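Q: I'm new to this protein and would like a close look at one part of it. Could you walk me through how its pieces meet?

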Amino acid sequence: MHFENTLTFAQALDAQDPLKNFRKLFHIPKTKTGKEVIYFTGNSLGLQPITAKEAILQELEDWANLGGEAHFEGKNPWFSYHKLLTEPTAKLVGAKPIEVVVMNTLTVNLHLLMVSFYRPTPKRFKILMEGGAFPSDQYAVESQVKMHQLLPEDAIVEIFPREGETYLRTDDITKKINEIGGELALVLFGGVNYYTGQAFDMQAITKAAHEVGAVAGFDLAHAAGNIPLKLHEWNVDFATWCTYKYLNSGAGGTSGVFIHERYAYNSEIPRLAGWWGHDEKERFLMKKGFKHIIGAEGWQISNAQVLPMAVHKEALKIFEDAGMDRLWDKHLKMNAYFYFLIDHFNQSQAKIKVEVITPKYENQNGVPPNGVPPCGCQISLVVQNGGKNLYNFLMESGVSTGWREPEVIRIAPVPLYNTFEEIYQFVELLKAF
Ligand SMILES: *Cc1c(COP(=O)(O)O)cnc(C)c1O
């Protein structure tokens, strides 16, 4: 790709962008002086779709006019509201409709999935995780292990990058899996690491886990709506993700779950049950004896969270219209443009050096069609001496980035609503720091 370090070039890239009109579908936050914020924190909380309000109002109106009758008589009957999300969700994560359901929230779903898929025995009881996983995942896993009367220090194995390296090598992960071998019950990894932005080779990890007889589950909080996913084809056992990051469905929003088809009919798998997971035809007979729905829906516990789901429905529509292929093409171009500008920046001055700890594409043509991307939208920057000051300076200058202790500034140019010009302006601001 040919790039130039000028504002007019960045603007030309935006003018040619086939997705340029999607930005208009979102509310862009404003600074105190009324300027549009350069919003690079879509990895943390995605922006609000303009249609979100209307979608919520529709459900409020049905509630006002119909009361409980809206379960069956509403425009979008609440009884089956979650089903409106199934097709677009399946498409987004590369699953069959029977394999996905939207319910609860992310950490809650992690717990529910571990209840079903972490079944330690005296011989096979270990869980392999990425070192320094997101705290909620660490707490969830620790507490699950303790529920089985095991000690976290015996049961949880963390894998860290090699000395002097910032991210994990796939070979080291699969080697570790083989090493733990018959003691390994579960590999629980992120799809994309929240700190470094590294995307993991989920297919290779799953294959290695299966070869030693373990289960492979993924937390896709930073992967869903960010990188292309083929969960069914990769043979992943289970996965879950939140919808308020790249999926733009609002703080505290609902969560998605994937459970591979091979478990769909299995009534032997232990699960925490509730009436919404019960066979729909008999749900209102209020009878004794739980009979699960076939597929991921059989893991539901409670009735659908209609208001957050209304937002999610709108957000998923936008993804369907944009298409993951086009989003991914734009991501590759944005990523390459960012590196082009940051290399110029590092070479042009000696005041600060911006080091990127996120794995890079090997060349600017991105990954081969079936290759594994090294990262998604997020790029994690380390600036020696004064990273936090730079973060504050950016914030005051109308750029929203994410600070993560101890030393990382995370930026996520998101193809749905960010522009090439914003990337250009970001690097210009580094010069002014
Ligand atoms: C954002 C995030 C969470 C948040 O969990 P909630 O239950 O939605 O609050 C958990 N795990 C990871 C890896 C995350 O990135």
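Q: How many residues of domain 1 are in contact with how many residues of domain 2?

A: A quick note before the tour: this is a predicted model, where local features need pLDDT of at least 70, side-chain atom pairs count only at pLDDT 80 or more, and totals for chains, interfaces and linings use all residues. Residues are numbered from 1 along each chain as its sequence is written, and side-chain values use heavy atoms, with hydrogens and water left out.

The protein splits into domain 1 (7-48 + 324-432) and domain 2 (76-320), with bounds that come from an automatic or database domain assignment. To your question: 34 residues of domain 1 are in contact with 26 residues of domain 2, contact being heavy atoms within 4.5 Å. Taken over C-alpha atoms, the two domain centres are 28 Å apart.

Now the area. About 2,400 Å² is buried between domain 1 and domain 2, and carbon and sulfur atoms give 62% of that; buried area is the accessible area (1.4 Å probe) that two parts lose on being put together, summed over both. Of what domain 1 buries against domain 2, Met324, Ile357 and Pro359 supply 22%, more than any other three residues.

What about charges and polar atoms? Between domain 1 and domain 2 there are zero salt bridges (a side-chain nitrogen of Lys or Arg within 4 Å of a carboxyl oxygen of Asp or Glu). Polar contacts do turn up: 13 residue pairs across the interface, both at pLDDT 80 or more. Such a contact is a pair of N or O atoms within 3.5 Å; within protein, one must be able to donate a hydrogen and the other to accept it, and residues adjacent in sequence count only if both atoms are side-chain atoms.

On the side of domain 1 that touches domain 2, helix H11 (324-348) and strand S13 (408-411) each supply at least two residues, and H11 gives the most, with three residues. Helices (H or I, at least four residues) and strands (E, at least two) are DSSP runs, numbered from the N terminus.

The largest nonpolar core has 71 residues, and Phe189, Trp241 and Leu416 have the most contacts inside it. Such a core is a set of buried Ala, Val, Leu, Ile, Met, Phe, Trp, Tyr and Cys residues joined through side-chain atoms within 4.5 Å, where buried means under 20% relative accessible area, exposed over 50% and partly exposed in between (1.4 Å probe, protein chains only). Helix H10 (residues 306-322) gives this core the most, seven residues. Both domain 1 and domain 2 give residues to the core, so it lies between them.
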